[in-house]
Amino acid sequence: MPPSPSSFALHLAATRKPRPKDSELVFGRTFTDHMAVADWESERGWFDPRVVPYGPFALDPAAAVFHYAQEMFDGLKAFRGADDKIRFFRLDRHCKRMHDGADRLCIPAIDEALMREAIMALVGADADWVPSAPGTALYIRPTIIATEPFLGVRPAKRFLFFVIASPVGAYSGAAFSPARILVEDSYVRAAAGGLGGVKAGANYVASLRAAQDAQARGYAQVLWTDAIEHTYLEEVGTMNLVVRIGDEFITPPLGGSILAGITRDAVLTLLRDWGFLANERPIGMEELIAAHRAGTLREVFGCGTAAVITPVGTLGWKGEDMVINDGKPGEVSQRLFDTITGVQAGREPDTHGWMTLLE
């Protein structure tokens, strides 16, 4: 068993759960033997960091997380390479995003070094849970919730930070499968000045009704439009959006309603490395429709931690479907998927220093 980082006490489970076969993994249903935990109080800051057996929390019914949704989370992955070593994809960037996002929710920022230590300690304790089959990973979910029991709208004075982990296969069950997406022109996921730029659970519950309605109409997810005019494109499902018109790649700019995706950043970096024009600028449905009619709409895809790259084969808009690239993945989205997953698995060189070895 790898040693615990000095600040995390190890309280290991007496018995271990059976691990599923790599071929049977689904996303987010099975969890490892342990979790990393730390507490925060206004008088003490973060304290008592520990790794304990995975299990339920005892929370007061008046805990602020239940009544005022004061919570946030992140998500990243660890991979087992062909050399049997475990590596994290962009660990430090995930720690920084969670640290920086806390202020918007009046949550005490988790120190980046402490979050990194928590993840290292947990994965070190549960290293046997990191799968090795192609397309698999250990998905890691750091979370902070407000635990102070009170009724009254103000920031809480007690919080709980925890990290859980789940061995996973492909996010949607079929890796890199083109999706049918409905452009949403009624519901709103987030507005500028709201919570869209942080990983708050409120953003995701706001998306459920639209996604369920889209699925009832035969689409996998929705493409969100802006909250004011319902014409400018934002996120696709729970992912950042990238559109290719001619030889230009476009992703909507970060303006407070869009999450600063870490895979999004990797995509922009690779596109520019490869000599493509990659711009962060507004793009509306009018421009998208005109490009489709002109035959210059070459690729549309989502990018995010869970699925990496999801090509869009069909876009539904006001009762009509636009088929993109004959419903097949685009050549560059395929190249991006192969390169990023290749770096994660150790098949491709890590020229940007994105992978962090388990200490």
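A salt bridge is counted here when a side-chain nitrogen of Lys or Arg lies within 4 Å of a carboxyl oxygen of Asp or Glu. The structure is a predicted model, in which local features need pLDDT of at least 70 and side-chain atom pairs count only at pLDDT 80 or more, while totals for chains, interfaces and linings use all residues. Residues are numbered from 1 along each chain as its sequence is written, and side-chain values use heavy atoms, with hydrogens and water left out.

By this rule there are 26 salt bridges. One of them joins R244 and D247, whose closest N and O atoms are 3.4 Å apart. Burial is judged by relative accessible area (buried under 20%, exposed over 50%, partly exposed in between; 1.4 Å probe, protein chains only). R244 is buried at 3%, whereas D247 is exposed at 51%. A second bridge, between E280 and R264, has its closest N and O atoms 2.8 Å apart. This pair links distant parts of the chain, with E280 in strand 14 (residues 277-280) and R264 in helix 5 (residues 262-273), 16 residues apart. Helices (H or I, at least four residues) and strands (E, at least two) are DSSP runs, numbered from the N terminus. E280 is partly exposed, at 38% relative accessible area, and R264 is buried, at 5%. Through shared partners, salt bridges also join R244, D247, R298, E299 and E331 into one network.

Another bridge is formed by the side chains of R16 and D126 (4.0 Å, N to O). Here too distant parts of the chain are linked: R16 lies in the loop between strand 1 (9-10) and strand 2, and D126 in the loop between helix 3 (112-125) and strand 7, 110 residues apart. R16 is partly exposed at 37%, while D126 is buried at 1%.

Attention now turns to strand 8. Ten of its eleven residues are buried, so strand 8 is largely enclosed by the rest of the structure. Strands are taken to pair if DSSP finds at least two bridges between them. Strand 8 pairs in the antiparallel sense with strand 2 (residues 34-41) over six bridges, and W40 stands opposite F159. Strand 7 is also an antiparallel partner of strand 8, over ten bridges, with L138 and P167 as bridge partners.

S166 belongs to strand 8 and is buried at 2% relative accessibility. A polar atom of the S166 side chain lies 2.6 Å from the backbone oxygen of T30.

Notes. Polar contact = N/O pair within 3.5 Å; in protein donor to acceptor, adjacent residues only side chain to side chain.
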